[in-house]
Amino acid sequence: EPLLFCDGPSILVCSLIFRVAHGLLQRLPVPKVVKQDAFRSWKWKNLSVSMVHSLLTGIWALTWPHTTYGVLFIYFIFLFSGYFVHDAGDIILSGHARGSWEFLLHHVIWCFLYALYTQLYVAGAVIALFVEINSVTLHLRLMLKLAGAQSSSMYRINKLANLFTYVMFRLSTQFYLTWFIIHNYSWLDHGGYFLVSMMVMNIMILIYFYRLLRADFFPRRYAGQNGMHNNNTKKFISD
């Protein structure tokens, strides 16, 4: 079976590759405001690796149907689970697990354990990679916030691109997969578990979407409701 190539040791090797990338990215220039805050500094490093992952998987998601050997791309799906091992480890070992539980839940339920160890819903995993196109603009948005560049033209352009890609690639992909599972529930293996997982993810992405709209398109109203929330770095970054 070709998918057996994507076993645990292969995932661990790939996670080490992302760890090496993490170290190399630290050599790039970092905004001064980021260096002055420990949490911002960690978040910037974490997002830098996430940006590399999203760029690669986003490009592949757009181009894989045109490749001559689609199975090769399926390998990459599972090998890139190494990124999620790295990211989960970085969150936990850095002491930020409590404030990032939703990201850990995302990694464990959707992107790692189920697809890796059951080798089911491979086609769904391929389609799900379209969300990484939106992840590029989401990561850029957070990095611009970390750098204090919310008033820049780049931030204004990116927030519109982020809104478009969120609806087009994240919400649409998620809801299509949910529809497919419900429509074909009677013959899908372990359909109940996967449907519950999808519903959890649907709730999460809708909450994120609400927070995104609130923070980027209704900032004055949001600030009035929450006072000086920008003084709380972690709260500010998470919105």
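Residues are called buried under 20% relative accessible area, exposed over 50% and partly exposed in between (1.4 Å probe, protein chains only). The model here is predicted, so local features need pLDDT of at least 70 and side-chain atom pairs count only at pLDDT 80 or more, while totals for chains, interfaces and linings use all residues. Numbering starts from 1 along each chain as its sequence is written, and side-chain values use heavy atoms, with hydrogens and water left out.

Salt bridges come up first. The structure has 2 of them, counting a side-chain nitrogen of Lys or Arg within 4 Å of a carboxyl oxygen of Asp or Glu. In one, Arg19 pairs with Asp90, with 3.8 Å between the closest N and O atoms. Arg19 sits in helix α1 (residues 8-25) and Asp90 in helix α5 (residues 81-93), so this pair ties together parts 71 residues apart in sequence. Helices are DSSP runs (H or I, at least four residues), numbered from the N terminus. Arg19 is partly exposed at 42% relative accessibility, whereas Asp90 is buried at 9%.

Asp216 and Arg141 form a salt bridge too, their closest N and O atoms being 2.8 Å apart. Here helix α10 (residues 191-217) supplies Asp216 and helix α8 (residues 131-146) supplies Arg141, a link across 75 residues. Both Asp216 and Arg141 are buried.

Helix α8 also carries Thr137, which is buried at 10% relative accessible area. Its side chain makes a polar contact with that of Asn162 at 2.8 Å; such a contact is a pair of N or O atoms within 3.5 Å, and within protein one must be able to donate a hydrogen and the other to accept it, with residues adjacent in sequence counting only if both atoms are side-chain atoms. Setting aside residues up to four places away in sequence, Thr137 touches Asn158, Ala161, Asn162 and Thr165, where contact means heavy atoms within 4.5 Å.

Then there is the nonpolar packing. A nonpolar core is a set of buried Ala, Val, Leu, Ile, Met, Phe, Trp, Tyr and Cys residues joined through side-chain atoms within 4.5 Å. The largest one has 8 residues: Val34, Trp44, Leu47, Met51, Val136, Leu142, Met143 and Leu146. At least two residues come from each of α3 (38-63) and α8, and α8 gives the largest share, 4 residues. Beyond its neighbours within four places in sequence, Trp44 contacts Val30, Pro31, Val34, Met143, Leu146 and Ala147. A second, separate core of 7 residues includes Leu177, Leu188, Leu195 and Met198.
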